Amino acid sequence: MKSFTPTVYSLMNVATGRVFPDAGWMLADPESPKPSLVRAVYQKKQIDVKGSDWGFYRFADWLPVHRLLRDSATTVTYRSEGLARHLGLGNLYIAFSGYWPERGALMKTCSFKETEAYSVCGRLPLDCKQILTVASAGNTARAFARVCSENDIPLLLCVPEDNIDALWFEKPIKDCVKLVCAPKGSDYFDAIALSQIAASSGMFVDEGGAKNVARRDGMGTTVLSATVEIGRIPDAYFQAIGSGTGAIAAREANLRLLEDGRFGSAQMKLHTVQNVPFLPMYDAWKAGQRDLLPFDDDEARQKAAMIDAKVLSNRRPPYSIAGGVYDCLCDSHGDVYAVTNAEIRHCAAMFKELEGVDIYSASGAALAGLEQAVKAGAVGRDDVIMLNITGGGEQHFKKDCKVHYLQPSLVISPSEDREKIIRSIENLFV
């Protein structure tokens, strides 16, 4: 393990600008007069990017971590040839998070959710007595399960039962990780509800989702990877969004790079993408509204079930909160696109043909958004563009490795008696 000094940072309330110390696992400013994200403010203003042998932690100067964890990998950025030529773009850079050894990409869960897991778990206090709890639609759970299993960190995962086919691994997961599922027919929001009920017990601590600075700054390393490879901040950034946390992270990384001063002055425009017919942020953005438009939960579940990119199915994204998706889109003069399942499938196939590796549906959605933007003239042919391929290489990985699946320890509805849920989950760790 590398010699490492914990990163020095404070927290800032985005709405008020108040800067205060991190008391250990703060997800909000206790003195804030209104809901607001908090942002990490790092003592080191110019990042010292470490060698590739540091893995994900090559960007540790701008990660709120107390320790380094084993077996991490980093996003790999390269200049596209085939896809760039097809789209008529002169400066298309692909930030690839997944498994593609030929490109040096070695994320064994095939998803950029590893960037979240290595950062969040690295932020856990060294003397933490509580069990981390994480809600996920699939990919996040796979990443946290692998990282916690490899590093002997107790973990409670809450996932919709319909999504557990996403929980595959290169080797069996250790017993320190427990999986609890919301029953068939549930969605990501139901998994979040279970996680929040569990976190109300003193035995568990909520990971925090978008409110956790470690999650966002981990995801922001994709932008750091691209910027370091390109030598400047990109002009445009493309990513599919479910919660939109990655887009917030991209904006925050942009601001730090501007403050660093060595990577240019580009205000990177955020181009974000949702999957038809599940379009809560697209609908609100196109209506010019800070608040999400009213919707029926049952109808939202039905629409979420219809999309190819299941990881984009968050019904309660951090859109309206100060520092959230709406503010980041406004500040970057960004936009939101809507793409169909057919467009996603077409673009995923196109990526494999032109670039050489399989990608996930969410990555296909990002590419479909880029294709729309090119046709509409929303990006220039010579703009420096970052395409965030947030997951890929699963087919490649499964050819190389035998996989093992994690089975639920408990299936229970969040509508059950609250005390029953808490007791049942606590008993899994006794």
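Q: Which residues form helix H11, and how far does H11 reach from its first C-alpha to its last?
A: Helices are DSSP runs of H or I with at least four residues, strands are runs of E with at least two, and both are numbered from the N terminus. In this predicted model, H11 covers residues 341–355, which is 15 residues, and reaches 21 Å. That is close to the expected 21 Å at 1.5 Å a residue, where the expected span is 1.5 Å times one less than the number of residues.

Q: Which residues of H11 are buried?
A: An α-helix has 3.6 residues a turn, so residues three or four places apart point the same way. Buried means under 20% relative accessible area, exposed over 50% and partly exposed in between (1.4 Å probe, protein chains only). In H11, the buried residues are Asn341, Ile344, Cys347, Ala348, Met350, Phe351 and Glu355.

Q: What comes just after H11?
A: Gly356, with a positive phi of about 110°.

Q: How many helices and strands does the protein chain have?
A: There are 14 helices and 18 strands.

Q: What share of the protein chain is buried?
A: Of its 430 residues, 61% are buried.

Q: What is the radius of gyration of the protein chain?
A: This value is taken over C-alpha atoms, and the globule rule is 2.2 Å times the number of residues to the power 0.38. For 430 residues a compact globule would have a value near 22 Å, and the 20 Å of the protein chain agrees.

Q: What should I know about the numbering and the model?
A: Residues are numbered from 1 along each chain as its sequence is written, and side-chain values use heavy atoms, leaving out hydrogens and water. As the model is predicted, local features need pLDDT of at least 70 and side-chain atom pairs count only at pLDDT 80 or more, while totals for chains, interfaces and linings use all residues.
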